[in-house]
Each structure stands twice: as C-alpha cells, then as structure tokens.
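Here are some notes to read alongside the model. They take a few spots one at a time.

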Amino acid sequence: MAEMNMVEAINLALREEMERDADVLVLGEDVGRDGGVFRVTDGLFERFGGERVIDTPLSESAIVGVAIGMAAYGLKPVAEIQFLGFIYGAMEQLFSHAARLRSRSRGQLHCPLVVRTPYGGGIKAPELHEESSEALFCHMPGLKVVVPATPRYAKALLQAAIRDPDPVIFLEPTRLYRLLREEVPAGDIPVELGRARIARAGGEVTLVAWGSMLEKALRAAEGFDAEVIDLMTLVPFDSETILASVEKTGRLVVVHEASQTAGFGAEIAATVAEEGIWFLKAPVRRVTGCDVVLPLPLLEDYNLPTAKQIAAAVEEVLAFD
C-alpha cells in the first residue's frame with residue numbers, strides 16, 4: 001500500500017474516478033498542463049486530455065456556473081477554485097442555482113457537482129488565500145460540506161463526494177496538503193458522507209474537530225483520557241456519534257479555526273444543549289479563531305488555535321466534577 005500526502009491522495013481519487021466513470025471531468029484555473037496551483041491535478045491532462053481536464057478563464061463565477069450546467073445535463077464535474085477566498089464571486093451560482101436545482105425542478109434535475117478548494121490558515125499566504133468560512137456554506141440548504149483531515153480520508157471522502165447526486169463543497173486544508181503522510185489504498189475506500197469517525201478513543205472528555213484542527217486536537221489530547229472525533233462532514237453532520245461520545249464522557253470541547261461567532265462549533269454546541277444537556281458535567285467550550293479578518297502572516301499565529309490552548313480548555317472542563 002502506497003504512502004501518500006493529501007495532495008497525492010486527492011490526485012489518486014480524481015484519477016481513479018475519471019477512469020471508473022467517463023462522465024467525471026475536472027475544470028478550473030491552471031488545472032490542465034500546469035496541474036493546478038498546488039499540483040493536485042498533476043498528470044490528469046496528459047492522461048485524459050483537454051476535453052475532460054479543462055483550463056478555464058480567471059472567473060470563479062463562470063467556473064461554477066458552467067459546472068452547474070454540466071451537472072444538470074448528466075456530467076459529474078469537479079470544479080477547482082484555487083483558494084476559498086476566491087469563491088465569493090461564485091456564491092450566487094452556488095446558493096441561487098446549485099443548491100436549489102433539485103427543489104426548483106421538483107426532483108427532475110440533480111446537481112452532481114463537487115467544488116474543491118484549498119482552505120484554512122497556517123501557510124502564511126496573502127489575504128483571501130487562507131479563509132476558513134465553512135459556516136457560510138453550512139447555512140445554505142442543498143449544499144453538502146466536507147472537510148478531510150488525513151490523506152486516506154481525503155481520498156475516501158472525495159470518492160463519495162463525486163458519486164453523490166447533490167452539490168458538495170470539498171474543503172481541503174492547505175496546511176495539511178504536504179504535512180502528513182499515511183498509507184492510502186488503491187481502489188474504492190468505503191466511507192459515507194455524513195458520518196464522523198473516532199480518531200482517538202477516550203472516556204473523560206470529547207474533542208470535536210475537523211480539517212487542520214484535528215491534528216492539533218490529537219496532540220492536545222495526549223496525556224488526557226480524551227476522545228477525539230474527526231467530524232469529516234459538516235453538512236449533514238453526525239450528531240449521533242457526538243451525542244454518544246458526550247453521553248460517555250460528560251464533557252465537550254469543539255475546535256475550529258474559523259472565527260467563533262456563528263461558526264459551526266455553535267451548531268454543535270446547540271445540538272448538544274438541545275439533545276444531550278443531561279449528559280453534561282461541564283459547560284461546552286469552544287476553541288476557535290478570533291472574530292477578525294485573518295491577519296497577515298506576521299500575526300497569523302496569534303489567530304489560529306494552538307494545541308496548548310486546546311489542552312487548556314480540556315483542563316478547564318475536567319475541573320468541573
């Protein structure tokens with residue numbers, strides 16, 4: 001079994017899905033001969049040609065709009081947006097068309113579209129290159145939101161996203177692209193969108209994280225009897241696994257790098273308050289980015305949650321007894 005980083009694992013998923021299904025195609029800025037801004041689509045143009053690996057103009061709205069049309073007519077486009085901060089010009093296409101196509105057509109049309117994009121901080125890039133605005137997409141009914149945290153699950157989740165009949169926003173943590181390596185199987189890796197996984201078992205406190213925060217949560221959990229959940233899919237999210245863990249541990253810490261106000265951690269905390277408040281032995285804690293535009297590189301590290309801050313939150317909830 002080959003050991004891969006996340007870029008290589010996503011590339012493998014795209015190649016295998018394009019080999020499996022002739023309706024799958026890739027489009028975006030520089031995804032062809034250049035292989036994409038992070039080389040995720042490297043080699044696909046040479047293997048599948050310009051009719052299935054399509055370089056587009058610099059227009060995110062056009063990329064997503066064209067991909068929606070392709071999906072409505074039966075293709076399975078995978079559109080790449082070079083950075084999440086560039087997608088805002090395409091929000092009208094996503095919210096007004098992709099998310100509504102099934103309901104607008106009374107089920108006659110589906111939109112099997114995947115929009116892949118690097119997201120998140122930790123690489124000290126310029127403004128709009130490190131956005132963590134996943135909660136915006138979570139609020140729009142009709143869109144599924146997926147965030148992998150390891151190479152193996154990046155491949156598995158992308159396979160599932162491409163085969164899904166509805167539009168999926170696939171957020172790839174830029175900081176993790178080449179940070180981690182693990183064994184990634186060839187062929188199908190069964191995984192279901194909407195299911196979380198227990199990344200570390202424990203009995204006294206539950207940590208929920210996604211994307212690049214999972215790696216920090218796992219480091220913070222060392223020395224504690226902590227259960228760490230990799231959420232993987234934010235919409236629909238796996239409340240069942242979270243509630244079962246909180247019933248066991250009685251304590252919950254949610255970690256994300258996006259700003260705290262109206263972040264997705266609030267949705268998780270509210271769900272536990274509504275459906276599992278009698279399980280809790282301590283208040284729910286959130287460890288998040290600050291409510292600011294992501295600072296430029298010199299101050300970036302002050303904004304992103306650290307393993308030390310997560311561990312401090314764990315100690316805080318464990319102090320309740």
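**Notes on aromatic pairs, a loop and a helix**

1. Let's start with Phe-86, which is partly exposed at a relative accessible area of 22%. For these labels, buried is under 20% relative accessible area, exposed is over 50%, and partly exposed is in between (1.4 Å probe, protein chains only). Phe-83, at 8%, is buried.

2. Before going on, a word on what you're looking at: this is a predicted model, where local features need pLDDT of at least 70 and side-chain atom pairs count only at pLDDT 80 or more, while totals for chains, interfaces and linings use all residues. Residues are numbered from 1 along each chain as its sequence is written, and side-chain values use heavy atoms, with hydrogens and water left out.

3. Rings of Phe, Tyr and Trp (its six-membered ring) are paired if their centres lie within 6.5 Å; planes under 30 degrees apart are stacked, over 60 edge-to-face, and the rest tilted. That rule gives five aromatic pairs. One of them joins Phe-83 and Phe-86, edge-to-face, with 5.4 Å from centre to centre and 70 degrees between the planes.

4. Trp-210 is in the loop between β10 and α8, and Phe-264 is in helix α10 (residues 264-275), so the pair ties together parts 54 residues apart in sequence. Helices (H or I, at least four residues) and strands (E, at least two) are DSSP runs, numbered from the N terminus. Trp-210 is buried at 2% relative accessibility, and Phe-264 is buried at 8%.

5. Which loop holds Gly-211? Gly-211 is in the loop between β10 and α8, buried with a relative accessible area of 0%. Leaving out residues up to four places away in sequence, Gly-211 touches Tyr-119, Val-147, Pro-148, Ala-149, Pro-173 and Leu-176; contact means heavy atoms within 4.5 Å.

6. Now helix α12 (residues 307-318). Its buried residues are Ala-307, Ile-310, Ala-311, Ala-313, Val-314 and Val-317. Why are they on the same side of α12? They cover an arc of only 155 degrees around the axis, taken from the directions from the helix axis to the C-beta atoms. The face turned away from the buried side carries the exposed Lys-308 and Glu-315.

7. What do the buried residues of α12 pack against? They pack against β10 (205-209), α8 (212-221), β13 (252-259) and β14 (285-289).
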